[in-house]
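Good morning. Please look at the structure while I talk.

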Amino acid sequence: MFKLNLKIALRNLFKNKGYAAINIGGLAIGLTAFVLLLLFVNHEANYDKWSPELKNVYQVREYHDFFTPDNKQYWQQINESRIAGVLKEKVPQFKYVTKASRGWGDGYSIKIDRNAPVIVKDIVDADSLFFKVFPYQFINGDGSTAMNEPNTIVLKQSVAIQLFGTDKVVGKQLKLVRWRSDEGNLMTITGVVKNPSASESLAFTAVIHTGEREKDPDQISSSNYTGIYAKTEKQIDTNVLNKTLLNVYTDYKKALLKARGETFNDFYKAKSRKPGLKVLPLSEVYSNPSFSENWLDKIKPIIALSIFLLIISVINFVNLATAQSVQRAKEVGVKKVLGAYKKQLVLQFLIESAIQTLSALFITIILVELLLPSFSSHFDVQLSFWHSNHLLPIIAQLFGLFVFITLLAGFYPAIILAKYNPVKVLKGNYESSFKGMALRNGLVVLQFIIAVTFIIGIGVMYKQNSYMANKDLGFDRDKLINISTNYDTDDPFVESVKRIAGVKYVATTTQVMGNTFNTPRELTFNNQKFDINAVTVTMDALPALGVKVISGRIFAKEYAQDTINSVVINQAAANLLGKNLVGKTFTSGSNKDVFQIVGVIKNYNNESFEKAVLPTIYKVTHLGGSSNTNNLLVRFDNDHYQSAIKTIEAEWKKVYPDFPMMYTSVEDSFQKELKPSLRLMQIVVLFSVISVILSLLGLFALSTFMAKRRTKEIAIRKILGASNLELINMLNRSFLILVIIANLISWPIAFILTRKWLEGFAYRIEMPFWPFAIATLTSVIIAILTVSLQARKAAVNNPVDALKYE
């Protein structure tokens, strides 16, 4: 019986080759998007799952406001270093506690013998217990002793091969330079570890042991922040442990603040802060970043788009299967008369569905292999299908998807066809069944709702991205580069750069797009306290940025006071403090230093558009503290500055031969901030085009069947005098109503979704009307043209032939 059903299924597919191609091709496209997403989700969900021992490893997180983007408290991955010692002493559940500081800046410079220095990123400085907590597999060296001595380094296998051409490097030495003027440390390689099979939240290229992580600051008033990880003998209930940790942390903070001459209440309650310490299982660290959205929230729009695309593909399948019901109805009726059971008929139609789904999956795998490099590049990940470490789970997921799609796309049509009453069918009475028409019409409406929503989404995203790309940032980003280095007084490199032809300004500030640090300050103005962002700049920083002055002036060498206690504030700070602020003073700091406001500048965006510009004061003086930077701004006086950059690089090599110069243009940093939104828009555009094409293919096939089904009606109307145009309008009318209904439903859906997306931006457009109008007009025109092609074919046929056929 199975063999017979298979033969019938194949015969029907070859008999309706055009519709089978639409079905299989549509499913393949929808499945391709879904499988690519599946590969990405598997990659992201498998962080920190490369060893079974990791289930007993936890990351410690402290709730504080040090170095936060908006000066508010967050659960941060860096903790005050003394906490590690407290945990070792007070929490017996922890077998090992290790401190590990992530690599900072643009990386460290590594110099081997007389070779040119190479920048290596993600070098972690850890204490001697690091490999007691993290179970890395040592290819060379001994993990139990590799970190015992200072000035030792353990390399990842890939990095060892990159630097030396081999992983047999234990005992060799390299020079590690941590910043430009660092004399460097000679590091002995004590081990090489295998690259894990899955991604790591604490990703590193090498682990160094300088000895600095073994100790805490000597001064009670000083703090040092580092990552802290702990390992237990067995898995623990984090909810219970976190209650213990909070009590331990509270006692520790009370003792520390008392030693510093502060009280616990003044530090926390008076400033609306809260103490907090907790642990997270390592497997949850990547999905819970401190400041940004987790990976799942970021790709929710992509997940929705992929699912919608798959739904459209399935809708096409169901629509075409039910649309062919008239042709298959007589077959079912005859089989029932001959004694076929309902379950046999259902099985027959499910086999047909399975063949098409299997064919679509085969095409999908080919498309995935072709598209995977571009998809991986788009999301900055390394994905693989056949060479994936999770191939078996992926195959199991694809099998589940195959069964799901087969049942979803084939079960309903199979049930409908198998339910046919053989007497009615053989009389030809099912053609006008309201049930069959309602299903197809509903699916067409759903298909166009998705397609129109996609088109509206494209319009809104284009408008927002255009707004961001052309928004006045409050500063001039042209002819401006940012070198990753500090600005020191009387720095020979800085002095040499100032003398280079074409260089207009050389300055520094923490507020540069792509590399911003926010430092909170409390000030008192008109007997009121305000929390504000404070930035120490050089005299030429604001002119170098090309900021726009609203009132007063910016810093100038002509005013000696500017180096003593003058400040410039931005518009956000002015809105916070009040009006007519130029010339007024405020106090700040424990010594109640007095500062005078000499100017107000327009807000300038130094971070992404998701964040509002913070109220900020700018000062040249170091009075009241300073903001250390890793930015050196260089403004050129013309557009042809490449030769000047080469001269700057030559000067750098003279002064800092062991550390390569790293720089980026501020324009490139700006484009990098736009990249996530542009990526999402590109995906939406691609999926929208595919969804519209699939909807049109489905509509084309449905209109063909509609025209065939109404062959007799069209012939009679033509004989009675109906013109071709009237017949085309008649066939168009039913589909046009469906498309208009779909548009009316999609408008509120698209409005809610796009508004929610826009709310993620601190600076955004007002909801535009034209994407809604264009989406409606486009869908209506496309539907009319698609249906009209088929309607015209039916209308111009000879009615005598049609009636003879009927």
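The side chain of Lys99 is in polar contact with the side chain of Asp216, at 3.1 Å. This is a predicted model, so please keep that in mind throughout.

Where is Lys99 placed? Lys99 belongs to strand E4, which covers residues 94-101. Is Lys99 buried or exposed? Lys99 counts as buried because its relative accessibility is 5%, and the cut-off for buried is under 20%. Leaving out residues up to four places away in sequence, Lys99 touches several others, including Ser81, Asp125, Glu214 and Thr226. Tyr229 is 130 residues from Lys99 along the chain, yet their C-alpha atoms are separated by 6.5 Å.

Tyr229 takes us to the rings. Ring pairs join Tyr229 into a cluster with Trp50, Phe130, Phe131, Phe134, Tyr136, Phe138 and Phe204.

How many aromatic pairs does a search of the whole structure find? The search finds 29. One of them is Phe131 with Tyr136, an edge-to-face pair with 6.2 Å between centres and 85 degrees between the planes. Both Phe131 and Tyr136 are buried. Phe267 and Tyr268 are also an edge-to-face pair, at 4.9 Å centre to centre and 80 degrees between the planes. Tyr268 is buried, because its relative accessible area is 3%.

Last, charges over rings. Arg273 has its charged end over the ring of Phe267, 4.5 Å from the centre. Lys254 lies over the face of Phe264, 5.4 Å from the ring centre.

Conventions:
Residues numbered from 1 in each chain as written. Predicted model: local features only at pLDDT ≥ 70, side-chain atom pairs only at ≥ 80, totals over all residues. Heavy atoms only, no water. Phe/Tyr/Trp six-rings, centres within 6.5 Å; stacked < 30°, edge-to-face > 60°. Buried < 20%, exposed > 50% of the residue type's maximum accessible area, 1.4 Å probe, protein only. Lys NZ or Arg CZ within 6 Å of the ring centre and 35° of its normal. Helix = DSSP H or I, 4+ residues; strand = E, 2+ residues; numbered from the N terminus. Contact = heavy atoms within 4.5 Å. Polar contact = N/O pair within 3.5 Å; in protein donor to acceptor, adjacent residues only side chain to side chain.
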